[in-house]
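Please keep the sequence and the model in view while reading.

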Amino acid sequence: MSAPIRLYMSMSLDGYIAGPDDRPGQELGRDGGRLFNWLDDRESDSPSGQVYREASSTGAVISGRRTFELAGRWQGDHHDGVPIFVLTHQVDDGDVPPGHARFVTDVEDCARQARAAAGDRPILVHGAGAAQALLRAGQMDEMEIHLVQVLLGGGRRLFDHLGGEHIELDLVRRLEDRDVTHLRYRVRRLEETA
C-alpha cells in the first residue's frame, strides 16, 4: 500500500469536532477550543508531542472547503510547503487558492493527486466533510482521533453524514496523555469485512 491517507481530528467524547456556532471569528465554535488543550504538549516528548510531530511530517494535506475557509486558507501553507488539496463541490471562476493549495472537485482524483504528491509520507486529512467523502469513496486508510475527555453537548459532529454504510475499523494504536487519548484506527476495506 502507498502512504496512508490519515484523518487527524480532535473530538469530544460525544462526537463533536467544534462547539456550537462555528464560523469566521469563532472557528472552533463556542468552547470548541477545549478540544485542542492537548496541543499545549506538542513540543514535549509526551505521546501528544509524538502525534503532533507525526502530523507535521506528512507529505500532503487534504482539506474540506469549509475547514480551508475557516482556517483563513492557511495563507496557502499548512506546514512546510506541502501541497494542500481542497475537496470542494465547485470552483468559482477566478477563485485561485493561495500558495500550495489547489481545489479538486472529485474525491477519487483528490486522493490520487495527494498520494502522488506525498510520495512515501502519509497524507493528513482535515475536516468532517472531507473525511466523510473519503470514507464513502473507500479512500480513507486510517483515522487518528484525539479523543478529549469532555462532552460538548452540541456543535459540529465528525460522522454526521456518512450514510447507511457500515464501516469496520481496527484499533492499531492507543496513546494516553494528559487530557486526551490518541486512537489510531485502520479502516477495513469492503473485501475484508465480507
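In this predicted model, R178 has a relative accessible area of 46% and is therefore partly exposed. Its salt-bridge partner is D41, with N and O atoms 3.0 Å apart. The two residues belong to distant parts of the chain: D41 is found in the loop between β2 and α1, while R178 is found in the loop between β9 (169-177) and β10 (180-187), 137 residues apart. D41 has a relative accessibility of 17% and so counts as buried, since buried means under 20%.

Why can such pairs form? Side chains of opposite charge can pair when their charged atoms come close. The structure holds 20 salt bridges, and two further examples deserve attention.

One of them joins E142 and R6, whose closest N and O atoms are 2.6 Å apart. This pair also links distant parts of the chain, for E142 lies in strand β7 (residues 142-148) and R6 in strand β1, 136 residues apart.

Another salt bridge is formed by the side chains of E54 and R184, at 2.8 Å from N to O. Because E54 lies in helix α1 and R184 in strand β10, this pair ties together parts that are 130 residues apart in sequence. R184 has a relative accessible area of 11%, so this residue is buried. The pair belongs to a network in which E54, E144, R173 and R184 are joined by salt bridges that share partners.

The discussion now turns to the largest pocket, which holds about 1200 Å³ of space. Its lining consists of 43 residues, and those closest to the centre of the pocket are M9, T67, H126, G127 and A128. Several helices and strands contribute two or more residues to this lining, namely β1 (5-12), β2 (16-18), α1 (47-56), α2 (65-70), β6 (123-126), α4 (128-136) and β8 (156-157). Which element gives the most to the lining? That element is α4, with six residues.

The lining may also be described by residue class: 19 of its residues are nonpolar, 15 are polar and nine are charged.

Technical notes:
Residues numbered from 1 in each chain as written. Predicted model: local features only at pLDDT ≥ 70, side-chain atom pairs only at ≥ 80, totals over all residues. Heavy atoms only, no water. 1 Å grid on protein atoms, 1.4 Å probe; cavity = no way out; pocket = protein on both sides within 12 Å on 5 of 7 lines; lining within 4 Å. Points joined across faces, edges and corners; volume = space filled by probe spheres on them. Helix = DSSP H or I, 4+ residues; strand = E, 2+ residues; numbered from the N terminus. Nonpolar A, V, L, I, M, F, W, Y, C, P; charged D, E, K, R; others polar. Salt bridge = Lys/Arg side-chain N within 4 Å of Asp/Glu carboxyl O. Buried < 20%, exposed > 50% of the residue type's maximum accessible area, 1.4 Å probe, protein only.
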